[in-house]
Amino acid sequence: MLQVAVCDDEVIECCDMAKRIKEIMEDMKIECIIRQFQSGRELLQALESFDIVFLDIIMQDLDGMKTAQIFRKKAFDKMLVFVSSSREYVFDAYDVEAFQYLLKPVDDKKLKRVLQKAVLKTEKRPQEFIIVSRERQKVKLFLDDIYYFEIKGRVVDVHETEGIFTYYEQIGELENKLRDKGFFRCHKSYLINLKYVDLYNRQEAILENGETIVIAKRRYDEFVQELFKVMRENGGLL
C-alpha cells in the first residue's frame, strides 16, 4: 500500500489536494494512505515512511525547499513532487532531486499523469534507457527522467529531473538511439521529450518543468504530428 503525504500551510488547499489524490488513486484501483501536514516541521517529525510527498514551496516558517533539503537527508530514495504558484523555484528543485514540479492551480489531468508515473516508478517496472559514453565509461540514461537534450556541436547536455548530465556524441547517432522513443528534434539545438510538453505555439514549447524550448519554423508541422502521436499512445494525457 502506498503512503502519500501532502504538505501545505493553506489548510483548504491541503485538504483539496489530498481529496483529489485519493479520488484519482481509487479510480486507478491503487490502495493508499494519505496524510496531511500544515507545515514542513510537522512533515519532518512524522515517523511514517512515505513513498510520495506533495510539498508546497511557499510556506511560513520552514519553506518547502528547506523542508525538502532536510527530508532528502533522511529519505534520499523517496519521490518529492513540488507544488507552487510560481515558476521561480524550478531550477532549485533539481538540487533536491524533485520527481515533478506542478504549478498551481494543478490541472486534474496533469495530476493524474504525475500519479500514474509515480506509481509506475514505485512498482519498479522496467524503464527504457539509452547507453552513452563519458570518460571511457558507459552510462545508462533513463528516458523518463529526461526533459530534453541540448546540443552544442558535439557536446550534449542532458536536462534530467535530477540535474544536467554532459557528454560527447554526434547528433545523428543520438537521434538514431531515440528513434520511436517519444523524442523530437524541434530545433537544431534541441531534442525534447514530447511526454513533457505542457503548452506550445508556433514559436516555442513549454515543458512541465517550466522551461521554454524553441521550435524551428520548418519543424512545427512535424512537431505537432509527433506530439499527437505520443498523446494517443499515452491515453491523451499531457
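**Briefing: burial, cysteines and overall form**

Cys186 is buried, its relative accessible area being 0%. The model is a predicted one, and its chain of 238 residues has 50% of them buried. In secondary structure the chain comes to 7 helices and 15 strands. With a radius of gyration of 18 Å, close to the 18 Å that the globule rule gives for 238 residues, the chain is as compact as a globular protein of that length.

**Cysteines**

- The structure holds 0 disulfides, and for Cys7, which is in none, the nearest cysteine sulfur is that of Cys14, at a distance of 6.9 Å.
- Cys7 counts as buried because its relative accessibility is 1%, and buried means under 20%.

**Dimensions and contacts**

- The C-alpha trace of the chain, taken along its principal axes, spans about 50 × 40 × 30 Å.
- Of the contacts in the chain between residues at least 6 apart in sequence, 54% join residues that are at least 24 apart.

**Surface and charge**

- The accessible surface of the chain amounts to about 13,100 Å², and carbon and sulfur atoms account for 48% of that surface.
- The chain carries 39 positive and 43 negative side chains, with the centres of these two sets lying 5 Å apart.

Technical notes
Residues are numbered from 1 along each chain as its sequence is written. This is a predicted model: local features need pLDDT of at least 70, side-chain atom pairs count only at pLDDT 80 or more; totals for chains, interfaces and linings use all residues. Side-chain values use heavy atoms; hydrogens and water are left out. A disulfide is a pair of cysteine sulfur atoms within 2.5 Å. Buried means under 20% relative accessible area, exposed over 50%, partly exposed in between (1.4 Å probe, protein chains only). Helices (H or I, at least four residues) and strands (E, at least two) are DSSP runs, numbered from the N terminus. The radius of gyration is taken over C-alpha atoms; the globule rule is 2.2 Å times the number of residues to the power 0.38. Contact means heavy atoms within 4.5 Å. Accessible areas come from the Shrake-Rupley method with a 1.4 Å probe; for residues, only the protein chains shown count as cover. Lys and Arg count as positive and Asp and Glu as negative; His and the chain ends are not counted. The place of a charge is taken as NZ of Lys, CZ of Arg, CG of Asp or CD of Glu.
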